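Subject: Model handover and notes

Hello,

Please find the model below. My notes follow it.

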Amino acid sequence: MAVGYDAFDDPYSYKGTTTLKNKLGLRDASLLEAFELEMTALRAREPLPRGKFDAAHYRRTHHHLFQDVYSWAGKYRTVRTAKGGNPFCYPEYIDSEMTKLFATLPAAMSATDSEHFISEAAQFLGELNAIHPFREGNGRSQLAFMAMLGDESGFPLDFSRVKRRTFMPAMIASYARELILLRAELRSLLR
Ligand SMILES: Nc1ncnc2c1ncn2[C@@H]1O[C@H](COP(=O)(O)OP(=O)(O)OP(=O)(O)O)[C@@H](O)[C@H]1O
């Protein structure tokens with residue numbers, strides 16, 4: 001939220017604004033931000049959707065968190081987006097890139113030591129961020145999903161300890177395939 005998208009020709013926003021069309025019809029960006037925060041925090045406290053740790057499971061996770069706010073919750077975006085000048089996957093390739101990426105997850109889930117898990121998890125999270133499948137809500141979906149992945153793999157991660165000041169630069173570095181910082185961040189969250 002804090003870092004806005006560079007979106008192009010955006011049908012997701014009310015005409016002439018950068019406020020995303022939303023279920024309440026809020027046109028004020030700060031009101032929408034507050035509503036979004038509140039609802040996603042409430043939904044995050046409920047049990048998250050169970051699944052096979054595939055792309056459909058990830059879409060259900062986003063839907064769960066954002067179902068009260070956006071009609072397109074759980075649906076891949078149809079527009080190009082970027083952050084800080086970093087373009088994310090073009091919409092026409094999102095579906096196939098997600099399927100390819102999630103096919104690599106068994107490597108993380110079968111890790112037998114924490115360092116192997118951290119290495120696979122950082123690689124996966126960096127790629128997932130580079131795809132950035134949703135118009136909004138990628139960061140929150142990433143963390144919710146990674147928490148489930150850690151639990152399922154036997155290496156639980158405590159995302160309540162995330163420090164945005166260091167986590168965000170680690171995510172940005174991962175976009176350039178530099179994973180040292182992100183590995184250190186994830187390692188520091190191991191329970
Ligand atoms: N310049 C950048 N390059 C690559 N990734 C970035 C950049 N800036 C932010 N990100 C990542 O984008 C994700 C946030 O995406 P998005 O804004 O869709 O999610 P959100 O859930 O709405 O926001 P937040 O994660 O801030 O709560 C985070 O993982 C963040 O680290």
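Contact here means heavy atoms within 4.5 Å. With neighbours within four places in sequence left aside, R77 is in contact with Y12, F88, C89, P91, I94, I131, H132, P133, F134 and R135.

First, the ground rules. This is a predicted model, in which local features need pLDDT of at least 70 and side-chain atom pairs count only at pLDDT 80 or more, while totals for chains, interfaces and linings use all residues. Residues are numbered from 1 along each chain as its sequence is written, and side-chain values use heavy atoms, with hydrogens and water left out.

Confidence next. pLDDT is the predictor's confidence in each residue, from 0 to 100. The chain averages 95, and 95% of the residues score at least 70. For the complex, the predictor gives an ipTM of 0.95 and a pTM of 0.95.

Now the record. An unreviewed UniProt entry carries the annotation "domain: Fido" over residues 53–191. UniProt positions are in the numbering used here, feature names are shortened, and annotations may be inferred rather than shown by experiment. Over residues 53–191 the chain is 61% helix and 4% strand. The end C-alpha atoms of that stretch are 21 Å apart. Helices (H or I, at least four residues) and strands (E, at least two) are DSSP runs, numbered from the N terminus.

**R77 and H132**

R77 is in the loop between α2 (55–66) and β2 (81–83). H132 is in the loop between α5 (114–131) and α6 (138–153). The two are 55 residues apart in sequence and 8.8 Å apart in space, C-alpha to C-alpha.

Buried means under 20% relative accessible area, exposed over 50%, and partly exposed in between (1.4 Å probe, protein chains only). R77 is buried, at a relative accessible area of 2%. H132 is buried too, at 4%.

A polar atom of the H132 side chain lies 2.8 Å from that of N129. The polar contact cut-off is a pair of N or O atoms within 3.5 Å; within protein, one must be able to donate a hydrogen and the other to accept it, and residues adjacent in sequence count only if both atoms are side-chain atoms.

The backbone of H132 deserves a look. Its phi is near 55 degrees, a positive value in a residue other than glycine. Most residues other than glycine have a negative phi.

Helix α7 (residues 164–175) has 12 residues. The expected span is 1.5 Å times one less than the number of residues. That gives 16 Å for α7, and its end C-alpha atoms are 16 Å apart, which agrees.

Which residues of α7 are buried? They are F167, A170, M171, A173 and S174. The arc is that of the directions from the helix axis to the C-beta atoms. What covers them includes α5, α6 and α8 (180–189). On the other side of α7, R164 and R165 are exposed.

R177 sits in the loop between α7 and α8. Its phi is positive, near 65 degrees. R177 is exposed, with a relative accessible area of 65%.

In α8, the buried residues are L182, E185, L186 and L189. They fall within an arc of 95 degrees down the axis, so they line one face of the helix. Their cover includes α5 and α7.

Best wishes
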